[in-house]
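Dear colleague,

Please find below the structure that I am handing over to you. My notes on it follow directly after.

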Amino acid sequence: MNKTSFLGKSLVAGLMAASLPLMAGQAQASDYTIDTDGQHAFIQFKISHLGYSYVLGQFKEFSGDFSYDQGKPEDAKVSVEVDVDSLDSAHAERDKHIKSADFLDVSQYPTATFTSTGFESTGDGSGKLKGDLTLHGQTQPVTLDVDHIGGGEDPWGGYRQGFEGTTTLKLADYGIDTSKLGPNAATVDLYLVIEGIRQ
Amino acid sequence: MWRNSRRGWGWPVIVMHWLSALAIVGLFALGWWMTSLGYYDAWYQLGPWWHRSVGVILLVLTLARLAWRWSQTTPQAHGTRNEQRAALVGHVLLYVLMLVVMISGYLISTADGRDIKVFDLFEVPAVISGLKGQASLAGEVHWYAACVLIILSLGHAAAAFKHHLLDGQDTLRRMIRPLR
């Protein structure tokens, strides 16, 4: 019993020693998976209603991961895949209409994806995340204003990083015609809170 | 005059039949029209309000109609053996489609747990809600089943005229007033 545990310990120590120079040699970017199990991540949207108010909603199902090194944020990489059918604006008849061929055409374009192409740090953990967004079958470059909210060990033995981001999409860029909803509905604001667990 | 006989239908059956026919054709036309409306159209909210309200009333009427029908004798069917068989299948299908269309419509409006307001008189609570894609899927079923229902109704009407005009039977007349 003792022998095995001693052997085990030295094996771990040996492996750690061997990998130390390797880890020191490269940027310590870690890979994170967006916490969708505990759902500590949100993709919300806001669009004008008649110019008098807003309709708010969210996409309930998505997945993604990112790699991040606090020392070198410009190397950050993010990819997210959204199940467009999971759109929820708290009114089923409206959701049905938004998801129909009139707007998002979910049966034809069930997923939206975002893949980052670069990150421009503006200091203080903030920056501009550039990437390609595919929505309604059309891909356009987008820039998200991103803030690093915080990161560190969680109380359950994991390690997390959290960010929030905002961007505004012009829906016509994605072939989504909202002209019948009035001039104020031409754009939609997105607000994302993304918490990742280090893998 | 109230009860069916072997010769013909009683008043309740006749009245419920024509009310249903009116409601079904009206709901189909309204549903088709209202889904083509633009957001700024005055009927954009009112159309669905009428559609849902009349739909729920029709569902209640249809359940009452079925219950009444099962408590009554059925008049002798007209035509050949095969025509009678086809008529039976057709009538069962009409009832099934009516129920499918109305239940799927109910499932659209209640998909998020919301009640259906019927003419601002009373509310029908949601029983099944929150299934994945419920409103969209129920919407597909609602539309296609309604189309089949309307096509089948046209066949139903054509068959009645065929009995009346070609076969000289009182099929059509006995759906207008009770025959003894």
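Ile43 of chain A stands opposite Leu192(A), a residue of β11(A). The model is a predicted one. The two strands concerned, β2 (residues 41-49) and β11 (residues 187-198) of chain A, pair in the antiparallel sense, with seven bridges between them.

Strand β2(A) is also joined to β3 (residues 53-59) of chain A; these two run antiparallel and are connected by seven bridges. Within that pairing, Ser48(A) has Tyr54(A) of β3(A) opposite. The hairpin formed by β2(A) and β3(A) leaves three residues between the strands, and Leu50(A) adopts a positive phi there, near 65 degrees.

As to annotation, UniProt, in an unreviewed entry, places the feature "domain: Lipid/polyisoprenoid-binding YceI-like" at residues 31-197 of chain A.

Turning to the contact between the chains, ten residues come from chain A and twelve from chain B. On the side of chain B that touches chain A, α3 (81-109) and α4 (134-166) of chain B each supply at least two residues. The element that gives the most to this side is α4(B), with four residues. By residue class, the side of chain B that touches chain A divides into six polar, four nonpolar and two charged residues.

With kind regards

Conventions. Residues numbered from 1 in each chain as written. Chains lettered and ligands numbered in written order. Predicted model: local features only at pLDDT ≥ 70, side-chain atom pairs only at ≥ 80, totals over all residues. Contact = placed C-beta atoms within 7 Å. Nonpolar A, V, L, I, M, F, W, Y, C, P; charged D, E, K, R; others polar. UniProt positions renumbered as here; feature names shortened; annotations may be inferred. Pairing = 2+ DSSP bridges.
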